[in-house]
Amino acid sequence: MELYAKALTFAIPFFLILIIIEEIAARRMKRQINYGMDTISSLSSGMTNTLKNLMGLSIAIVSYGWLVDKVALFHIESTWLVYVVAFIGMDFVGYWSHRFDHTINAFWNRHIVHHSSEEFNLSCALRQSVSAIVGIYFFLYIPMAFLGVPGEVVAIVAPIHLFAQFWYHTRLIGKMGFLEHILVTPSHHRVHHAINDIYLDKNLSQIFIFWDKLFGTFQEELDEEPPVYGVKKPVNTWNPLIINYVHMWSLIQDAWRTKSWWDKLRIWFMPTGWRPDDVAEKYPWSYWKNAYEQVKYDSKPSQTLFAWSWFQLVVNFAMVFHVLVAFVNFQYLEVMLYAIFMMVSIFAYTSLMDKAKVALPAEVIRFVMGIGLIYWNGGWFGLQEFIPGANVLVGIYLASSLVMVFLILSKEAKAKLDVKPAELVSSN
C-alpha cells in the first residue's frame, strides 16, 4: 500500500496536468468539453476511490499469489517477456471483467460511476468505483496462473495497465490511422461511453482493441451517429458516493417490491436493466429511449455556490494529497479516521452542489468529526510540523464551511421561492 500511495503522488499531478492541457487545447479549438460542476464531481469521485484503496477496502476471495502457487504448470523467470505476457494477460482479464460489469444487473453497480458523467473528457476517467470492494473475477486470472506469471510481476504491471487507460477519455483526438486496428483509441472509447442504441455495451477492451473484434463487441464510431454520453437511466446528482450505490438501491427496491420469489432471486443476475414485470408496470423508470432527447443534469448553481464548490474541491484535494504524501508516517487507525473524514467531507460538499437538504447535517457531522480529530490527535495529523498554525487554520476552515453551507442553502431556498410564481405563470 505504501508503494501505491507513492505511485499516486506522481500519477495524480500528471493526470491534472493533462486535464489542464486538454482544457487549454479545447479553448484554442473553440470547443467546450469541461463543465464546472461535472468536472468537480469527476475529480471528487477520483478522490473517493483513492481513499477507499488507502483504507484497504478491497477483499480478494482468492489472491493471485495463492492461485499461481497452486495451479502453475511452469516456472518462468521475471524477464521482459514475462512482463509482456502479464500485460496482455491483464488486458484479457480487463476485457472480460468489464464485459461482465456491463451485462449482469448486480455487477453494473460496480461500474456505473465511470459512465455517470454526461460529458466525455479526461476528468471523467477519474470516476472510479468505491462499491467494487470484493474481487469476484479471480477465476479470470487462471490462464496467467497456469503459465506461472509471478505475483510480483502482476503487482507491478497492474497499476501501469490501469494508468494507461486514462489518455483516451477525450473528444479532441480524432481517428488515429493504423492504431485504430491495434489499440483502444479515443474514437473507440467515445463509442463505449455513449448511450446511443448502436453503441451500447460496445468496445469493452481496455488497451488492445482486438479483444472486441475477436469476441464480437466491436463498433466503429460513425460520423452520422454522434455519441451522446452518460447512462440511459440518469443519476441526476453530483455526489459520487450516491452514484456508486444508486443502481444497487434500485435493485433492492425492485427485489423487495416484486411478488414473485423467483424474480426476487434472479433479478441480481439477469441482464443489466432487467426488471420484474409487475414492478416495471407499477414503478416505471424514467430513462432516455432516444439518446438525442437527453437533457443533461444541471443543478443551476449560483455564482457563490459554483465558486464555493471549486474552493472545496481544492481544499479537499490538498487534504487527500496530504494523506498520500504522509502515508508512510501514519498508523493504520490514523489513515482510516482521516479517510472516513474525507469521505464525509466529499459527501457534504457534493450534496451542496445538488442543493440537497442533507448537505447541512452532513456538514455538521463533518465539523464535529474534524474538531474531534484535532482534539484526539493533538493537531491535524502532524500537518502543524510543516505549516505553523495548521490546527487553527483547519479549525477556522471547518467553522467557516459550516456557516457557508447554512448561508448558501438559505439563499438557494429563498431564490427558489422567489422564482416560483414566474415559473407557474410561464407553464400555464
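**Helix packing and a pocket**

1. Helix H1 (residues 2–28) packs against H14 at an angle of about 145°, and their axes are 8 Å apart. On the H1 side the contact is made by Ala5, Leu8, Thr9, Ile12, Pro13 and Leu16, and on the H14 side by Phe317, Phe321, Leu324 and Val325. By class, the contact of H1 with H14 has 9 nonpolar residues, 1 polar and no charged. The model is a predicted one, and this applies to every point here.

2. H14 (residues 303–325) also packs with helix H15 (residues 332–353), at an angle of about 165° and with the axes 10 Å apart. Angles over 145 degrees count as roughly antiparallel, so H14 is roughly antiparallel to H15. The crossing of H14 with H15 is left-handed.

3. The contact of H14 with H15 draws on Leu305, Trp308, Ser309, Gln312, Leu313, Asn316, Met319, Val320, His322 and Val323 from H14. From H15 come Tyr338, Phe341, Met342, Ser345, Ile346, Tyr349, Leu352 and Met353. The residues of this contact are 13 nonpolar and 5 polar, with no charged residue.

4. Helix H4 (residues 80–103) and helix H8 (residues 151–163) cross at roughly 55°, their axes coming within 9 Å. H4 and H8 are therefore oblique to each other. Their crossing is right-handed.

5. Where H4 meets H8, the H4 residues are Val82, Tyr83, Ala86, Phe87, Met90 and Asp91. Their partners in H8 are Val153, Val154, Ile156, Val157, Ala158, Ile160 and His161. The contact of H4 with H8 divides into 11 nonpolar, 1 polar and 1 charged residues.

6. Which helices each supply at least two residues of the lining of the second largest pocket? They are helix H6 (112–115) and helix H11 (240–257). H11 gives the most to this lining, with 3 residues.

7. How do the residues of the lining of the second largest pocket divide into nonpolar, polar and charged? The lining has 11 nonpolar residues, 9 polar and 4 charged.

Definitions and conventions:
Residues are numbered from 1 along each chain as its sequence is written. This is a predicted model: local features need pLDDT of at least 70, side-chain atom pairs count only at pLDDT 80 or more; totals for chains, interfaces and linings use all residues. Side-chain values use heavy atoms; hydrogens and water are left out. Helices (H or I, at least four residues) and strands (E, at least two) are DSSP runs, numbered from the N terminus. Ala, Val, Leu, Ile, Met, Phe, Trp, Tyr, Cys and Pro count as nonpolar, Asp, Glu, Lys and Arg as charged, and the others, Gly among them, as polar. Axes are lines fitted to C-alpha atoms, for helices over the stretch in contact, and angles run from 0 to 180 degrees between N-to-C directions. Angles under 35 degrees count as roughly parallel, over 145 as roughly antiparallel, 65 to 115 as roughly perpendicular and the rest as oblique. A crossing is left-handed if the near helix is turned anticlockwise from the far one by less than a right angle, and right-handed if clockwise. Contact means heavy atoms within 4.5 Å.
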